[in-house]
Structures are given as structure tokens and as C-alpha cells.
Amino acid sequence: MPKQPINVVLNGKPVTLEVEPRTTLLRALREFGVTSVKRGCEEGECGTCTVLLDGKLQKSCMVLAVEAEGRKVVTSEGLLGPDGELHPVQKAFVEEGAIQCGFCTPGMVLAAVDLLNRHPDPTDEQIKEGLSGNLCRCTGYVSIIRAVHKAAAMLKERR
Amino acid sequence: MKQTITNDGVGKWVTRQYDVEKAAGTLQYTDDLRFGPELLHAKAARSTIAHGEIVSIDVSEAMKVPGVVKVILGDQFVHRFGLYLHDRTPLAVGKVRYVGEPIALVVAETEEAAEEGALKVKAKYKELTPIFDPVKEATDNSILVHPELESYEHVPFIVPQPGTNLANWFRIRRGDVEKAFEESEYVVEEAVNCPQIAHGFLEPHCCICKEDPATGYLTIWTAAQSVFATREIIAAGLGYPLNKIRVIAPPIGGGFGGKAGMTIEALCLAGAMDPDVKGRPVKLHISREEVMLTSWVRQGYVARIKMGIDKDGKILGMKNTFYFDTGVSAEYGANPVRSAGYTSTGCYYVPNVWTDSYAVYTNKPFGGAYRGFGLPELMGVMETIIDIAAHKIGMDPVEFRLKNILEPGLKTCTGMPMHNHALPKIIEKVVDKVGIQKKEEPRRPGWKRGKGLALAIKAPAKPADASSSAIVKVLGDGTVEILAATMDMGQGTYTSFAQMASEELGIPVKKIRCIYPDTNSHPYDWQTVASRSCWAMGMAVKRAAADAREQIISLYAQYWQVPPESIVIEHGIVKCRSAGKAEPLDERIQNGFKMPDGYYHGGPIIGTGSFVPPDVIYPDNETGQSPKSVVHFTVGAVGIDVEVDPATGCVEVNRVSSGYDVGKAISPMNVRGQIEGGTVQGISAGLMEGMYYDEKGRLLTPDFTDYKIATIKDIPEEIDSFWEETPEELSPYGNRGVGEHSMISPAPAIGNALFNALGVRIHTYPFSRERVYKAVQMSKTGEEDLWDYPYVQEQNYKKAKKEWF
């Protein structure tokens, strides 16, 4: 199938992706080299391919790449600071042992960032609601909840 | 005297290796490796029927898809593979034996072309009657899944029964059970069953294989737990020299046993070794649906236990019959059957034992290793029936357990004396923390509340001579590299190894790095399974690090002309206080020291360590007896507090407390992570997981919509994880494994709590809403036992059941 160029702003930088009409945003990003976007099911069930699309949480296997034309895409690498320092959410995940195999982590971190944008001081219930679209088989989620609370405190301090 | 000082050695809370990369998303898993335009992609066309002879396979339409390079059929790649029993071909040869079995491999320039080509492969079959029921097929030999069983190679401790569907039969014969039953005041006989369940790791299987056309060297990049086992299985299956196969394992996205042994590598090799393909790397990434359909599962089982108990509540005899549904292949699954068998009296002392543990072939996806390896299955039965027995004899279930507990010195069912452990103390804590013996009002109006206890036990299940080796390199900048071919798939072993090396070398953990496995660079390790790595590989890492330390100290002693005993390595600085010396480890560690005699001594510091368990003896194939059948056991207990919504059958967990005797927590952050994670995985399995098939053997639960695993909303309100430390005698730091154990007992604990809440015993896992709702209805009519058969093909089973009861 013939490919066409689409323009997106990827982690703050304008880029052009060459895609077939049937290519999902997930596969397009991965082909471009953004491998933090993981393919766990390609059916919209597991959340490992989560990105922020124009600031909103989106499973990238559930949109076609052509739908992202002209839009902003943020992936987990895009959260890093200018010198590669971890975002407070990423840092909190490391400190609380909220990572095991790490395959769900990039998507989970983005879901947590999105949640904390909406609820800077979340309750356990809000955390569970906000992260319910992202599966994790390793941690039992307990440490992830601890990490999100810690990230909330770290972000508050930074403000 | 200890000659090292560190702040983050054994037992310290330190953060985990590779977590920064994981959080950033920059760590590359197998699917993230890039091979350029050379790379070809493979996709399997799969059987649509459960049992049949292949009449023809038409690949002509597939070959017309632009980009398709080759379609490979089973008769072009006839090799039998297996870890313990060579019963698996990567592509169906002549016959298909389950829905989803690969019948052709399409190799193409792009993944999309391979996917399109696979859809266009057309096969014709002559259908044969498929078999699905392990109980029936254990005795009815009219249809055989593997008529060729006699010709399959196998290890001596697996005992297949040619001419039947039994891939393995493990036995224990000790004392006289019939006499024990006669002498018993009470005899309790009950059964429990459970469907197959899926691992649910989030990274699907992926591998890339390449053959060098000039030399025949094979390179395999794969999401595998155990690079050396993968290499050995492939070498044996292909009849290929071991040294010509290189297996590289990048980080893997969860394993839980599902990536142990060999998984999809041989299928990918069918492409990469094809004469028209070889020279180019071929990638096989299977979809989530294919993972569910055609990779390993935890075996389903139907199990019965008969128990004779005297008037004081002492168990006198136990007769166990376990039918494991091993599906189409038992190459790995034969061993959990054995593992359940040789632990078949659980945490209890029983003088008279008779056990038959069978692996039964059926036309379903194949059973294999799964976190717990036969013990969640065994304890899923044992802890239910112990609870039933306690109620039947009118004794408190906690008291009944404690009365029969396998105290240190008493013999396990294989005749091995039990070592020291803190199980009674753990039980006491769990009972107290959850208030097991206290009835409490439900937190939710109108709901029913109940509490349950279940115990856990497990030994590493492995060959007697499963060995490990490690290399510890001290680099010229004072940092350390550990080459230990254990896969850190999330369990945190690399952090534990770094803490061990820190303890032995006096170098901070942040300067120590474990490298992911590659058979070309790493020394041998048997496998990353069995909760053995911190113990067995831990022995090798400790020895290697101590070896490196002794080399460093000896060089400095010569360099400074001081006694070796006066030297200490403190946070990466080598010191001799009496001589007033303190120098950081630097390039001299690599290049050598110019000694007072004017000559250079030393050179790169490389510490080495090896380990093999010295004294394990296989249980006798007839009686199951052995003076030391396994290296050790980790024991523990789970207490759980649940509430049931009578209107919907919904079960919510208020609180769970899980404790294990880990001997020594090397890396507490990871021990806590393993207990929390395994507890939730166990609760998930107990409440919602099961693989179901229609009457033709087609999987009805091929994705995460139909096969539900716990989301963050399904976790208990409170998880309490703790551990005790009764040191293990032969162990790097007294530690024992804990990775799998946390998954063993949450499910039976829930079953016991539901009985406590409803007065109905559910004998069938999982405790799904439908089933619990049914139990609620039964509680209104005074019925006490709910027994479903896990398969749609239940008619066969009902006949078999009649013969039983």
C-alpha cells in the first residue's frame, strides 16, 4: 500500500511520519523509532501503548496515524527534562518500587501524569479511576498507588 | 574479620536496577531492536480445528501477496523439541492437535504482508474426534493425542505411559493408606477443579533469528527467561552443535514461567533456516490473541484427596489423585505435575501417603511453567480440603492446621526431613492481622463477610544438577559488571545480585551493573525459574564477588607491603588504616600495579563463581521416596477478609495479609514487590481467571476483554506483606526463594473465606460472579457444595464423575 507523509509534533519537535492509511499511530511511532510506546495487545485493552494526544490520554493502537495529522503527541521519553532528568512521576515510580518488568511503565506513567493534571491531590479512588485503563501484571498496583501519591507531593513542592 | 563496608549491601532498601530506563521508556525489549531493511517478518497460519489429519495446504494465494517471500510447511522442518519430553514440533506435521497450532509460516518483507499472507493459506483436514477431558482420557485410550509417545525422548525422572494419554505419572507410595483409613475416626474425601489459566504478561512473545549462510551459526534474540535452556532445547531438537547457537535475551516484559524453556524460537527458525531465506534476520512477533491461543498456560486440573483423621484431629493417611490437563504438549508441563506430586501432602505431616499425579494429553493449548509450578494447583486443592475436613470433624481450621503442621525434623511425603521454618509464627501473625477467628459485621450494608486462611509451600522444582555460574568484573573506573545469566524479568534479581556484590566488595550499588544474558558472553546458568536465582545464582555471584575482593586485597597488600588482613574496602575506597593509606579503585585495577619490586602485577580483575546443589537425589520412580528430594522449601500463609454482594455475586477483598519465611530478604524492596504482586495475581486467578473452550475446542477467551485479569480497580483495600527470616543452611545469606510463593494461596484462602461468609463450599475455580451468585442462592436452600466442571465439554466428565463417587 502506498505511504503518505503526516506531520505531528512529537515530544515538542515537528516530525514527518511516512504511513499507510491502515497504519495505527502505535506502529507509526514505533517505526519512527519511538519504542517506549509498547505493543501489548493492539486491541485497546492493555494500555502499554498509551500516549498523550493533544494533551489527552489515548491508546495509540486505537487511532490511525493519519488521524494524528497536525496534532501533538507526547510519549514517556518526552517527559524527561533537558538533561535527561526524570519527571517527578517517573522518579516517584523508581523510588517506590512501582516498576517491575517495566513494560506497562511508560503508559502507566503517562496515565498518572494525565491524572495528576486533572487531580493534583488525588484520592485512592481517583487514582484507581485514572489508571484503570492500564494493566500491570507484576506489581499488584499497590506500589503504583504509593508512587502516584508521592509524585503528587513532589509536584506540589515544585509549584 | 569482614573487610568490606557498604551502605547498600544485603538487606538494605535500595532502588532497583534498570528502573530509570524503564521509567523513561528507553530500555529496549526484543520488539524494540532494529535490524534495518534486511529484516524479514514471519506470521503463522494456524489450525482451525482441534484434531485432524492434514489433507492439503494450499499456499498459492499467500505467495501472490506482494512482499511474501516464502511459505514454510511442517514437512519442510521436521524437528521435535522439548525440555523434559520431546513431544512438540514447531509446525504441525501430518496432523493438527489443537486449534491455533501453526500449520504454515509465512515470511515476508513487511509485517503487514506476512499477516495478509497468513490469512490466505488454505488447509483441508480430515477431522478426527478431539479429546478435552483429562479425567476421562486418563483411562480411555480409544483416542490418543500422541500415538507416537513411545518414540519420544525424555529425561529419566519423567515417566510417560506409551499407548495412553498419560505424558507423566508421578507416584508416592509410603506406609499403608488403606490401613490408616480403617484406623481413622473420620475419613474425608473431596475434589476440586480449576481450568487452565493464562500468564497475562504484557509483552507478547517476540524473537528474531538469523543463520549465517557461510558458517551455519545461529543467532537468536528472544524474549526468553533462560537463554541457556533455550539454546540446549534448540540444539537437541535440531541436532545442531551447541556452540553454533547464540541466544541473546534483551529485557523481557514479564514472564511468570510463560517464557521459560523454548517458546516460539523454533517456529521462527523454520523461517530463518529455510534455504531461500537464510542470511537474513527473521522476526516473529505474535499477537495477543496468538499468545492466548498458542503459548503455554497453567494446566487445568481435577484433583481428589482422601484423608483419614484420628479422634484427636491428627491426619493418619492421605490418598491423592491429581489429573492435570496438560493439553497438546507436556514437554515442560510434565514437571509441575511432578512438583505437585512430590509436595502432595502440603505443609502437613502425614505418615501414610499414596499419590498419583498424572499429566494427561488433550487437544488444547499446552500446559507449561506458571508462577508456582504445580503448587498453586496442589494448594488450591489441599487448603480447600483441609478446611472442609476441619469443619467435618468440628475443629477450628487454624487449630487443625497447626496440629498437623510439618514441624522441623518431620518427614515430607518424599521422606526428606523438614528443615527449620517459622510457619507457626507466620500463621499466628496472619490470623491475628486479619482476625481470622473473629466474626465481623460487613462494611457494606446487606453484604456477607467472611474470612479464610490458606498455607503455602514450595521447593524449587528442577533437575538435581541445575547449576549456575557468574563472573564479576571490576572495571578501571572502580565500577563493577556482573555477568549472571539470570533474566531479571521484573522480579528484581539484578538488584539482589548488585546488593550481594556490594556486600562482598564494599562498592556502592550505584557502581554495580548486571548485564542482560547472552550465551556468548555469560557463563552458564540452568534457568531463571523455580524461585532459585537469588539462591543458586546467588551462591555463584557471592563466590565470584568474594573471589574478586580477595584478588584486590592481595594486590594492595603487595603494593602497600602490608598484611592483607589490615585492608578494608569501604564504599569503593581501599584503605589500610595502620599504614595511613586510602585510595579509590582506579585504572590500576585494570592495568596492573607497579609493585615495589619494580614489576607490574595484576591486570584486569575477574572474579568467578560456580554452584551446583550437592546432595539432591531424585525421588524413586516407583515410591517417590528420597533422602533429599529438593533443596529446601519456602513456607508461608495468606489470610483474607472478603465481602460478597448477594445481589450480584461480586466479591470485594477488604484485607489480605501474606507472610513467607524467606530466610533472609536480600532486597527488601523486591521481596515486598514479589509478595504484593503475587498476592494480586493470585486473587485475580481466584476470582476471575479461566480459559474456556467451545465444544470444538475453540478458545472463547482469546483477549483481555474476555480473559480478564485484575485491573487497579480489582485490588484489595489493604495488602499487608511481611516476612520472617529463619536462615537456610546452604545459602548465600540464608535466603530462600519467594518469587512464586505469593501466588500459591490467595485463591484457596478466598474459597475458605467464601465458605465462612456463605456456608457453601465452591469446589471449582475461579470464584466468578456467576458462580458466587449461584452459591448465594444455594445458601438459601441449605445446599452446601457447588461443583461445576470447567469445560463446556462437561458431558464426558459427568460420566467419569459417576465412576468416582
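These legends describe close-up views of a predicted model.

**View 1. The surroundings of I143(B).** In chain B, I143(B) sits in the loop between α4 (134-139) and β8 (166-174). With a relative accessible area of 24%, I143(B) is partly exposed. Setting aside neighbours within four places in sequence, its contacts are H51(B), T129(B), I131(B) and N165(B). One of these, T129(B), lies 14 residues away along the chain. The C-alpha atoms of I143(B) and T129(B) are 7.6 Å apart.

**View 2. The interface of chain A and chain B.** Here 47 residues of chain A are in contact with 56 residues of chain B. The size of an interface is often given as the accessible area lost when the parts come together. For chain A and chain B, the buried area is about 4,200 Å². Carbon and sulfur atoms give 55% of that area. In chain A, the residues that lose the most area to chain B are R39(A), Q100(A) and R137(A). Together they account for 19% of what that side buries.

View 3. The rule finds 11 salt bridges between chain A and chain B. A salt bridge joins E115(B) and R27(A), with the closest N and O atoms 3.0 Å apart.

**View 4. The side of chain A that touches chain B.** Five helices of chain A each supply at least two residues to this side: α1 (25-32), α2 (88-95), α3 (105-118), α4 (124-130) and α5 (142-158). The most come from α5(A), with 4 residues. By class, the residues of this side divide into 19 nonpolar, 14 polar and 14 charged.

Key:
Residues are numbered from 1 along each chain as its sequence is written. Chains are lettered from A and ligands numbered from 1 in the order in which they are written. This is a predicted model: local features need pLDDT of at least 70, side-chain atom pairs count only at pLDDT 80 or more; totals for chains, interfaces and linings use all residues. Side-chain values use heavy atoms; hydrogens and water are left out. Buried means under 20% relative accessible area, exposed over 50%, partly exposed in between (1.4 Å probe, protein chains only). Contact means heavy atoms within 4.5 Å. Buried area is the accessible area (1.4 Å probe) that two parts lose on being put together, summed over both. A salt bridge is a side-chain nitrogen of Lys or Arg within 4 Å of a carboxyl oxygen of Asp or Glu. Ala, Val, Leu, Ile, Met, Phe, Trp, Tyr, Cys and Pro count as nonpolar, Asp, Glu, Lys and Arg as charged, and the others, Gly among them, as polar.
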